Amino acid sequence: MLHPNHELDEYVKQHTTPMGNVLEELTRLTYLTTYNPRMISGPVQGRFLAMICQMIQPQRVLEIGTFTGYSTICMAMALPNKSVIDTLEINDELQETIETYLSKAGVSPKVNLIIGNALEIIPSLDTTYDLIYIDGEKREYPQYLDVCLPKLNIHGYIIADNVLWNGKVYQNELNDPQTDAVRRFNKMIQENNSLENVLLPIRDGMMMVRKNY
Ligand SMILES: C[S@@+](CC[C@H](N)C(=O)[O-])C[C@H]1O[C@@H](n2cnc3c(N)ncnc32)[C@H](O)[C@@H]1O
């Protein structure tokens, strides 16, 4: 018998517009060539991010955690032509794959790939953003929030992935460093009066945040 969550995931996938051949090829390549391919966003999350970009039409997007470029491409395909994504990836071994697939998807002109540590790079970026997608190292989520909030425009949005961390965040007896960091991140957002937020139980949990002032 299929696990109920597997059946749910399959049903959701079957009723979501697919992201296309290039991203399917990138998924296969990611599973063949990377150590932790399950980090890839996938078609449901990808379509969700694309829809958000179509709705809010951000001019500048910042992404923490490019991995092989799946979410970057999903957002870039949905952005207006003059919009730009700055995407940050610490692992330089991924650069060639990312650049190849940005090109195959025809979105290279909209994407500025920066290889390096987001925590060091973001404070030095000389711009502000309408949308920030956080999908890097879970232990660093609280620090990401600290460096990202000053770079987020008023009425801009943050979307953060994996905020349910496989259900661990609401099991009080679990206290590993990643779970603790994700819990701290969620609490920081919930307690910040300048922010409005909703935790969506999509896949591993996505926090949507709006900066009101
Ligand atoms: C969950 S994966 C990102 C998945 C990607 N968004 C996608 O849709 O396929 C997390 C990525 O964050 C990167 N990362 C971790 N810490 C980072 C940091 N401090 N700065 C930049 N990238 C980081 C990792 O190397 C990894 O590739």
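Met75 touches Leu49, Ala50, Cys53, Val61, Ile85 and Tyr133, leaving aside residues up to four places away in sequence; contact requires C-beta atoms, placed from the backbone, within 7 Å. The model is predicted: local features need pLDDT of at least 70, side-chain atom pairs count only at pLDDT 80 or more, and totals for chains, interfaces and linings use all residues. Residues are numbered from 1 along each chain as its sequence is written.

Met75 belongs to the largest nonpolar core, which holds 54 residues. Such a core is a set of buried Ala, Val, Leu, Ile, Met, Phe, Trp, Tyr and Cys residues joined through C-beta atoms within 7 Å. Buried means that 20 or more other C-beta atoms, placed from the backbone, lie within 10 Å of the residue's own. Ile73, Cys74, Met75, Ile132, Ile134 and Ile158 touch the most other members. H4 gives the most to this core, with seven residues. Buried residues make up 38% of the 213 residues in the protein.

The ligand is surrounded by 20 residues, each with its C-beta atom, placed from the backbone, within 6 Å. The closest are Ser41, Gly65, Phe67, Ser71 and Ala118. Helix H4 (70-78), strand S2 (84-89) and helix H6 (118-121) each supply at least two shell residues. Helices (H or I, at least four residues) and strands (E, at least two) are DSSP runs, numbered from the N terminus.

Mean pLDDT, the predictor's confidence in each residue from 0 to 100, is 96 for the protein. Residues reaching 70 or more make up 98%.

Methods. A residue is buried if 20 or more other C-beta atoms lie within 10 Å of its own, exposed if 12 or fewer, and partly exposed in between; C-beta atoms are placed from the backbone. Two residues are in contact if their C-beta atoms, placed from the backbone, lie within 7 Å.
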